[in-house]
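Please open the model in your viewer and keep the selection panel at hand. The stops below take one selection at a time and say what is there.

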Amino acid sequence: MILSSMQDVVFGYGEDPVIDRLSLDIEAGQFIGITGPNGAAKTTLLKLMLGLLRPWSGTVTINQELAVEGRLEIGYVPQQVAAFNAGFPSKVIELVRSGCYGRLGLFRRFTQEQEALVERCLRQVDMWEYRDRRIGELSGGQKQRICIARALAQQPQVLVLDEPATGMDLESRTGFYGLMRHYVSAHGRTVIMVTHGLEETSPYLDCIISLERKEREGWTCLVTNSCSAHFGPGA
Amino acid sequence: MFSYEFMQRAFWAGGLIGMIGPLLGVYLMLRRQVLMADTLSHVSLAGVALGTVLQLNPALSGFAVAVAGGIIIEQLRRSYRTYSELPVAIIMTSGLALAVVLMSLKQNLSKSFSSYLFGSIVAVSDTQLKLIALVAAAGLLYFIVLRRPLYSLTFDEETASISGVHTGLLSFSFAVLTGMTVAAAMPVVGVLLVSALIVLPASIALRIASGFTAAILIAVLTGLLGVFSGLTASYYINTPPGGTIALILLIFLLTAIGVQKLLRLKHRCSKYRRPLKQLEIHAKP
C-alpha cells in the first residue's frame, strides 16, 4: 500500500529550489533509509513526503486510509542531541510517558497497558534502569535512546528518525537497527530513517533513497535512485 | 496586620500572583523566553500611561496593551527564528520609549507611576484584585487543562508539532497568558521587579527539582513563601513590598544554591573518601 506519493515536487528555502521536480512513491510497512551528502535536502525530503512542508509546485498525496483526521500519526526523533533541551527538569520516565499523551488526549488517565508499554519501550532501548534519572544527567547516546523510546511509546504509524544513531556505540547501533527491523516486520509500521552509515544499516533496510546533488542550468537538482531496490531479510 | 483591609487585599493579590507567576516562569525559562516578562512589564507601563492620558482606567489599559505586546512578540518570534531575542529587545525599547513620551504629556504623573514602577500595597484596588483573581483562575485552568501539550511544546517545539500538537495556537495562547499575568502582577511587585517574581522561584525549582511535576510544585511553593514573607517584612520594617519580595526570593535562591553545593560535597566526601595512607600507597608506581 502506498503511504505517500510525490509528483513533480519542487521546493526550496530561498529563491532557488533544493528539490526540483521529484516524483517518488513511499510504500507503507517498510524500513526506508534516506542517504546523501550534507546539504542534499534529506530532512527536507522527509518533511515533504510526510506533508509537513508545502511544495512550491507539484503534489504530495498522503493515503487517506492511513490518515487520522487528515494527517498521519508520526513519531519523530530529531537530528541532533543539541536540539534536545538538556536542562529540561524531567525524569526519564516522565519524558517517555509523554509519548502516550497524543493517544490519551487532555484528560484520560494512564492505563496499565500504557504503563506496561512505557516500560517495554524503555527496556527495548536498554534504559529502564535509568528511569528515575534526570535527563540532563545522561550522556548524548543515552539521551538519543530515550528520545527513541518516547517515539516508540507514541505507537505511530510512521516513525521518522533523523540520523538517530548519532552518539551511540556500535553495540547500541546494531541493537537499535535490529529493533527497528522488528518494529516494521512484526507490527507492520513504517520507519523512515535518515542515515550516513549505509554500510551498517543496509542489511536491515527494505528500501534506500539516495540523494545526489547536480548542477544543471544553474539550479541544484536532486536525483533519487529507485525505491524498489531491496536489501536485507525481505530481499 | 490583617486588621487593615489593604493588607488583606495585598495578601490575596500576592498569593494569587505568587502562585501563577512562578508557574508561568517555569515554562518561560524552559522556552528560553525569560526576558519576556520584563519586556511585557515595560509595555504594560506604556499602556498605563496611555490610559491615563486618554482618561481610561490605567489598570485595564495596561492589561490590554501587555496582552497585545505578548501577541506581537509571538508573531515577531516567528519572523526572526534565528534571532529569537530580537523581538523581545524591539518590544522592550518601544514600550519604554512610548511610556516615557506619554508620561511627559501629562503633568503630576510621576507619583502615581512610582507605584507601578516599584509596586505598592495600597495600589491594589478592588478592581485590580478582581482582575488578578480572574487572571489567576484562567491561568490555573490553562496550565491544568493543557499540561500535556504544554509539556511536549516546552520540551521541543518541532517534535511536538510533527506529533500533532497545535504549536502555533498553543504558543499564541501562552503569549496572551504571559501578558495577562505580567499586567496583573504589576501592582504587587511593580514594573521593575515583576520578572523577579516570575523568574526567581522558577530558577530555584529548576535547580533542585528531580522531575517536571516537582519543579512546578517547588516554584509555586517558593513563590507563595516569598510573597507572604516579603509582604510581612515590608509591613513591619516599612520597605517597598516589591523590592522586599524580590530580595527575599534572591536570598532563597542563594540559600538553595549553597545548600545544594554543600550536600553534593558531603555526598562526594562520604562516598569516595579513603584513608590518606591508602591513597599514598596507590599513588606509588
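With which residue does Glu157(B) form a salt bridge? Select Glu157(B) together with Arg31(B): the two form a salt bridge, and their closest N and O atoms are 3.4 Å apart, where a salt bridge is a side-chain nitrogen of Lys or Arg within 4 Å of a carboxyl oxygen of Asp or Glu. Glu157(B) lies in helix H8 (residues 157-162) of chain B and Arg31(B) in the loop between helix H1 (5-30) and helix H2 (36-53) of chain B, so the pair ties together parts that are 126 residues apart in sequence. Helices (H or I, at least four residues) and strands (E, at least two) are DSSP runs, numbered from the N terminus.

Before going further, note that this is a predicted model, in which local features need pLDDT of at least 70 and side-chain atom pairs count only at pLDDT 80 or more, while totals for chains, interfaces and linings use all residues. Residues are numbered from 1 along each chain as its sequence is written, chains are lettered from A and ligands numbered from 1 in the order in which they are written, and side-chain values use heavy atoms, with hydrogens and water left out.

Now colour by relative accessible area, taking buried as under 20%, exposed as over 50% and partly exposed as in between (1.4 Å probe, protein chains only). Glu157(B) is partly exposed, with a relative accessible area of 24%, whereas Arg31(B) is buried at 12%.

Arg77(B), at 15% relative accessibility, counts as buried. With Glu74(B) selected as well, you have the network of salt bridges that links Arg31(B), Glu74(B), Arg77(B) and Glu157(B).

Next, in chain B, select helix H7 (residues 147-155), which is mostly covered, with 8 of its 9 residues buried; among them are Arg148(B), Tyr151(B) and Phe155(B).

For the surface of chain B, select Tyr80(B), Tyr83(B), Leu86(B) and Ile90(B), a nonpolar patch with about 350 Å² of accessible area together. Patches are made of residues with over 30% relative accessible area and no salt bridge, like charges being joined within 9 Å and nonpolar side chains (Val, Leu, Ile, Met, Phe, Trp, Tyr) within 5 Å. Tyr83(B) lies in the loop between helix H3 (58-79) and helix H4 (86-105) of chain B.

Moving to chain A, display its 7 helices and 9 strands; of its 235 residues, 52% count as buried. Select Asp206(A) and Arg181(A), whose side chains meet in a salt bridge (2.9 Å, N to O). The pair links distant parts of the chain, with Asp206(A) in the loop between helix H7 (198-201) and strand S8 (207-216), and Arg181(A) in helix H6 (residues 170-187), 25 residues apart. Both Asp206(A) and Arg181(A) are buried.

Finish at Asp126(A), in the loop between helix H4 (112-124) and helix H5 (140-153) of chain A. Asp126(A) is exposed, with a relative accessible area of 57%.

Key
Accessible areas come from the Shrake-Rupley method with a 1.4 Å probe; for residues, only the protein chains shown count as cover.
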